[in-house]
Amino acid sequence: MKATVDWTGNASFKVTSGSGHSVQLDGPPDHGGENLGPRPMEMLLMGLGGCSSFDVMSILKKSRQEVTACHAELEAERADAVPAVFTKIHLHFVVTGHNLKENQVKRAVSLSAEKYCSASIMLEQAGVEISHSHEIRDAD
């Protein structure tokens, strides 16, 4: 896996993945940023949410659950001192569908957390306290 980072002025950078997709990152205004894109630590959190959501949906599809929407809300706490690393992250999944089975949704979230989500497992091994919850909503 590869990526490139190019400075685009002030506290702004264009990051490009090895697969050719680009995102504009920017620092906060008090550090010279112009709010042109997410902060790098926000991207890390967003990546974690995307990784885990990908797993959850993949597992639910394989278990033939009729999902119409999957929404993940992430909330992170950071250390007060520099480096301001993540200390806690909570992922809350809201899964909407028809006749969803509680045990299948719970299993999908657990499997992502414990076995499949590389981002989550890596951060947890680095000392970040990661927790998960979920709720099911009927699409009717």
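Me: How many bridges join E1 to strand E2?
Reply: Six bridges join E1 to E2, residues 12–17, and the two run antiparallel. Strands here are DSSP runs (E, at least two residues) numbered from the N terminus, and two strands pair if DSSP finds at least two bridges between them.

Me: What kind of model is this?
Reply: The model is predicted, so local features need pLDDT of at least 70 and side-chain atom pairs count only at pLDDT 80 or more, while totals for chains, interfaces and linings use all residues. Residues are numbered from 1 along each chain as its sequence is written, and side-chain values use heavy atoms, with hydrogens and water left out.

Me: Back to E2. Which residue there is the bridge partner of Asp6?
Reply: Lys14 is the partner of Asp6. Trp7, in turn, stands opposite Phe13 in E2.

Me: And the turn in the hairpin of E1 and E2? Which residue takes a positive phi?
Reply: Asn10, with phi near 50°; this hairpin has two residues between its strands.

Me: How do E2 and E3 pair?
Reply: In the antiparallel sense, over five bridges. One of the pairs is Thr16 with Ser22 in E3. The hairpin of E2 and E3 has four residues between the strands, and Gly20 in the turn shows a positive phi of about 95°.

Me: What is the strand order in the sheet?
Reply: E1-E2-E3, an open sheet of three strands with antiparallel pairing. Strands E1 (3–9) and E3 (22–26) are the edges, each pairing on one side only. Neighbouring strands are turned by 25° against each other on average, direction ignored, using axes fitted to C-alpha atoms and angles from 0 to 180 degrees between N-to-C directions.

Me: Which residues form the nonpolar patch on the surface?
Reply: Val5, Trp7 and Phe13, with about 340 Å² of accessible area together. Patch members have over 30% relative accessible area and no salt bridge, and nonpolar side chains (Val, Leu, Ile, Met, Phe, Trp, Tyr) are joined within 5 Å, like charges within 9 Å. A salt bridge is a side-chain nitrogen of Lys or Arg within 4 Å of a carboxyl oxygen of Asp or Glu. Areas come from the Shrake-Rupley method with a 1.4 Å probe.
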